[in-house]
Amino acid sequence: MRFGVHSGQQYETYDEILALWRRAEELGYDWCSIFDHLRPPMGGPQGPCFEGTTLLSALVAQTERIRGALMVAPVAWRHPAMLAALAATIDHVGAGRVELGIGVGGADLAYQQYGFDLPERTERQEMLEETAAVLRGLWSGERFSYTGKHFRITEGHLRPAPVQPRLPLVIGGASKPVLRVVARHGDVWNSLLTDTARYRRRVEQLDRACERAGRDRAEIRHSMTFRVLLVDDPADLPGRLDRLRHTFPPDSPVWPEYLVFGTPEQCVEALLPYRELGVTDFVLGIRPPVDWDSITLFAERVIPLLRPASAPA
C-alpha cells in the first residue's frame with residue numbers, strides 16, 4: 001500500500017508548500033501530489049495558485065525520497081506531446097520519482113478569466129483516450145506515429161525518454177468512459193471519496209472494462225483522495241470543527257470529501273472497508289491553512305495500522 005498527501009498549490013509562498021512536502025517526506029509518506037488548475041474555484045477569483053508543472057519540477061528537485069505527482073492534467077489544455085516532454089523532463093529532475101495524472105478536466109475559473117476553450121465533455125473523453133495513447137508511445141523513446149481525431153504524431157521522437165521504463169500514468173475520474181481509458185492505459189486509477197456501495201460498483205465497472213480490454217486488473221493501482229480532521233483527544237474536536245467551519249462555508253464542495261472528524265482509531269475503522277474493496281493508495285487531501293495535527297496523526301497512528309496487512313512478509 002501507499003499513503004500520500006495531495007497538497008495542491010494554493011499557497012502564498014513557495015516555502016510554504018516546500019515545507020509541507022519535506023514534512024510529509026520526514027513522516028514517511030510515500031508520495032505528494034499537486035493539481036493542474038490555474039484558477040481553482042475553491043480559492044475564489046483572486047485566490048493564489050502556483051502553476052503545476054513548474055512547481056512539481058522544483059519540489060521533486062528539493063526532496064529526496066518521496067514520489068511526486070501531477071493529479072490531474074486536463075487533456076484540453078496541452079498537446080499530449082508537450083505533456084509527454086514535460087513529464088519526461090520532470091522525471092529526470094526527480095531521478096525517476098514522478099507520476100503523471102490526466103483527466104477530462106473540471107471546474108476552473110481560467111476558462112472565464114483567461115478565455116480558455118472548454119470542449120464538450122464527450123470531446124474531452126475522446127481526447128483523454130488519445131492523450132493516453134500518445135503519452136505511452138512517446139515515453140517509449142522509440143519512433144512513434146499516431147493519427148487520431150484530435151492529435152497526430154508523425155514519426156515523433158522524445159529523447160531523453162523518462163528515467164522510469166514505464167512512467168506511471170494516473171487517470172482520474174469515475175465515469176464509464178474514463179474507466180475504459182483506465183483499463184486500456186492506466187497504471188493508477190484515482191477517484192474522490194464516495195460511499196462504499198458506490199465505490200464497489202465503480203470497481204466492478206473497472207474490472208469489466210479490464211476484461212474487455214484484455215488487461216489484468218491487478219496491474220492497476222486504486223487510489224482514493226479524501227480529507228480528515230483528526231484529534232488525539234476527542235474533547236478537542238468541537239473547537240477544531242468550529243475553526244474549520246470558519247475556513248469553509250457550509251456550501252463548500254470540500255465538505256463531502258471529509259471521511260472522518262475524530263480520532264486516528266476512528267479513521268482506521270473508516271478506511272478498512274475501502275482497503276477491502278481494493279484501494280491501494282490512500283491520498284490525504286490538504287489545503288491551507290495546513291492541518292499539521294491531522295497530517296502527523298495520520299502518519300503516526302493511522303498508516304501503521306493499515307499498512308501491515310498488505311506489506312510483504
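What percentage of the 313 residues of the chain count as buried? In this predicted model, for which local features need pLDDT of at least 70 and side-chain atom pairs count only at pLDDT 80 or more, while totals for chains, interfaces and linings use all residues, 55% of the residues count as buried, a term that stands for under 20% relative accessible area, with exposed meaning over 50% and partly exposed in between, for a 1.4 Å probe and protein chains only. Residues are numbered from 1 along each chain as its sequence is written, and side-chain values use heavy atoms, with hydrogens and water left out.

**Figure 1. The chain as a whole, with its 10 helices and 11 strands.** Helices (H or I, at least four residues) and strands (E, at least two) are DSSP runs that are numbered from the N terminus. The radius of gyration of the chain is 19 Å, close to the 20 Å given by the globule rule for 313 residues, so the chain is as compact as a globular protein of that length; this radius is taken over C-alpha atoms, and the rule is 2.2 Å times the number of residues to the power 0.38. Along its principal axes, the C-alpha trace spans about 65 × 45 × 35 Å. Among the contacts in the chain with a separation of 6 or more, 74% come from residues 24 or more positions apart, where contact means heavy atoms within 4.5 Å.

**Figure 2. Close-up of helix α1 (residues 14-27) against helix α2 (residues 52-61).** The axes of these two helices come within 10 Å and cross at roughly 50°, which makes α1 oblique to α2. Axes here are lines fitted to C-alpha atoms, for helices over the stretch in contact, and angles run from 0 to 180 degrees between N-to-C directions; angles under 35 degrees count as roughly parallel, over 145 as roughly antiparallel, 65 to 115 as roughly perpendicular, and the rest as oblique. On the α1 side the contact is made by Y14, I17, L18 and W21, and on the α2 side by L55, L56, A58, L59 and V60. By class, the residues of this contact are nine nonpolar, no polar and no charged, where Ala, Val, Leu, Ile, Met, Phe, Trp, Tyr, Cys and Pro count as nonpolar, Asp, Glu, Lys and Arg as charged, and the others, Gly among them, as polar.

**Figure 3. Close-up of helix α9 (residues 264-276) against helix α10 (residues 292-306).** With their axes 10 Å apart, these helices pack at an angle of about 45°, and that makes α9 oblique to α10. The crossing of α9 past α10 is right-handed. From α9, the residues P264, E265, C267, V268, L271, L272 and R275 meet L297, F298, R301, V302, L305 and L306 of α10. This contact has 10 nonpolar, no polar and three charged residues.

Figure 4. Apart from its neighbours within four places in sequence, R287 is in contact with S7, Q10, Y11, M42, G43, R227 and F248. Although R287 and Q9 are 278 residues apart along the chain, their C-alpha atoms are separated by 7.8 Å. Leaving aside its neighbours within four places in sequence, D232 is in contact with L297 and R301.

**Figure 5. Close-up of two cis peptide bonds, M71 to V72 and R159 to P160.** Most residues other than glycine have a negative phi, and most peptide bonds are trans. The bond that joins M71 and V72 is cis, with omega about 0°, and V72 is found in strand β3 (residues 67-74). A cis bond with omega about 0° also joins R159 and P160, and P160 has its place in the loop between β6 (152-156) and β7 (169-172).

**Figure 6. Close-up of A95 and E155, non-glycine residues with a positive phi.** A95, with phi near 55°, is found in the loop between α3 (80-93) and β4 (98-103), and at 60% relative accessibility A95 counts as exposed. E155, with phi of about 45°, lies in strand β6, and at 48% relative accessibility E155 counts as partly exposed.

Note on methods. Left-handed = near helix turned anticlockwise from the far one by under 90°.
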